[in-house]
Amino acid sequence: VDAAQVAAEVPADNHSAFVRAQAAIPGGVNSPVRAYGSVGGDPRFLARAAGPYVYDVAGREYVDLVCSWGPALLGHAHPEVVAAVQEAAARGLSFGAPTVAEVELAEEIRRRVPAAERVRLVSTGTEATMTAIRLARGVTGRSVIVKFAGNYHGHVDALLAEAGSGVATLAMPGTAGVTEASAAETLVLPYNDLAAVEQAFTERGTQIAAVIVEASPANMGVVPPQPGFNEGLRRITREHGALLILDEVLTGFRVGPSGWWGLENEQVRAEGGEGYTPDLFTFGKVVGGGMPVAALGGPAAIMDQLAPSGPVYQAGTLSGNPVAVASGLATLRLADESVYAHVDAVADTLATAVGHALDAEGVQHTVQRAGSLFSVFFGPFAAASGVRDYAQAQAQETFRYRAFFHAMLEAGVNLPPSVFEAWFVSAAHDDEALARIVEALPAGARAAAAATA
Ligand code: PLP
């Protein structure tokens, strides 16, 4: 790193950067979990990133297991993605008119997930889920939305109740500013509990517009669906005329070429099952490769209800932005089978190494996986039974993660600053990056073992 250049661009000292940030930005950050609220200390202000590494303002290098919270599937600043972005930027930053590249991105999504016959591009995952629920309400003429505790779908009013991610990290009971009227139209059910879903539909089936669910939840830590759960949601929603919205913002094009839906259906069909297809998919993160692109997709009969072909309004000055679309398209075109095989192998190695390191120090835990996503849950209950829902995720020994996180950071490994987030790996995590993480683990495990509540 050219230290002089970094110093010229940003304050060299991390603490002074955070102090300065707090005077200008609420909490010093533009998204809550970045603030290290649950692990303590100053967030690292980053100056640049390359491959599996990020560099803070003082030039310190960390192996990165955040990967921008998912988008950096190929690693940071992949040269071909950066070149595509630079070429697009040179042709103009934003037109507010349709482009062929947007069509190509929609077609690439449809090629991977054929049930997404029509795709609307938006800029964030939040917009994708917000639009999906508006569309579901428009199509069904009903108002109630069912979601699951510990699932996060962005900061949409109706979807913040008992949400995962930052809402879980900050242990917020709810969110000020969400009206009672809006909250009253959201039914929050325990995750992985089909009986609760059956009961809700028995009681209020004619009012429910949609069930929205993370394809495989990763915002309360990684808590995969029990076999048959997603299929059960499909069956129940169909029986009652409600839509099923599969939120693949985090899992889409990260856990496999066709997201969690592709992965799970492959397995279900291999076992002789029929598989399932939701009515609507939402995508984000990898679909923009680090730039603001997200999407929703589904059958033409539903998606064509969106304006201008239908009556459900949705729009965006920067929707389908040409620079962002160039990043997403380049990323998806490079994300071939070898990329998914690599991230799976990296996740295997790391998940095993984390388990061994914690076992060696007698730290009770479980490591849960969904494709290349994984996270650690601490405590005797998690170790004995695994974690199936939000109540169980919350009951873990979060203080152990705090200690583990800081020991790893000290050793040059950037983990998500919350136990309720997944660890993200990339195609750029090579043997050297892996070796550095593995070397750091014993210190992390010792810190976790010594931690007290
Ligand atoms: N849905 C899921 C499953 C997510 O993980 C997220 C973000 O973490 C969102 C929706 C919201 O996406 P965004 O942060 O781009 O608004």
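Phenylalanine 381 is placed in helix 14, residues 380–385; helices here are DSSP runs of H or I with at least four residues, strands are runs of E with at least two, and both are numbered from the N terminus. Before I go on, please note that this is a predicted model, in which local features need pLDDT of at least 70, side-chain atom pairs count only at pLDDT 80 or more, and totals for chains, interfaces and linings use all residues. Residues are numbered from 1 along each chain as its sequence is written.

Leaving out residues up to four places away in sequence, phenylalanine 381 touches Gln392 and Ala395, where contact requires that the C-beta atoms, placed from the backbone, lie within 7 Å. Between the C-alpha atoms of phenylalanine 381 and valine 113, which are 268 residues apart along the chain, the separation is 37 Å.

I turn now to lysine 285. The UniProt record, an unreviewed entry, places the feature "modified residue: N6-(pyridoxal phosphate)lysine" at Lys285; such annotations may be inferred rather than shown by experiment, positions are given in the numbering used here, and feature names are shortened. Lysine 285 lies in the loop between strand 9 (280–283) and strand 10 (294–298). Lysine 285 counts as buried because 27 C-beta neighbours lie inside 10 Å. Which residues are in contact with lysine 285, neighbours within four places in sequence aside? They are Gly70, Pro71, Gly125, Val249, Leu250 and Arg254.

Next, helix 9, residues 229–239. Its buried residues are Phe229, Asn230, Leu233, Ile236 and Thr237. Seen down the helix axis, these buried residues fall within an arc of 125°, so they line one face of helix 9; the arc is that of the directions from the axis to the C-beta atoms. The buried residues of helix 9 pack against helix 8 (194–204), strand 7 (208–214), strand 8 (243–248) and helix 10 (259–270). Just after helix 9, glycine 241 takes a positive phi of about 70°.

An open sheet of four strands has the order 1-2-3-13, with mixed pairing; two strands pair if DSSP finds at least two bridges between them. Strand 1 (46–50) and strand 13 stand at the edges with a single partner strand each, so one side of each is left without a neighbour in the sheet. Strand 2 (residues 53–56) and strand 3 (residues 61–64) pair in the antiparallel sense over three bridges. Within this pair, tyrosine 53 stands opposite valine 63, and the bridge partner of tyrosine 55 is glutamate 61. Strands 2 and 3 form a hairpin with four residues between them, and glycine 59 in the turn has a positive phi of about 85°. Strand 3 and strand 13 (residues 413–414) run parallel and are joined by two bridges, with aspartate 64 opposite asparagine 414.

Terms used. A residue is buried if 20 or more other C-beta atoms lie within 10 Å of its own, exposed if 12 or fewer, and partly exposed in between; C-beta atoms are placed from the backbone. Two residues are in contact if their C-beta atoms, placed from the backbone, lie within 7 Å.
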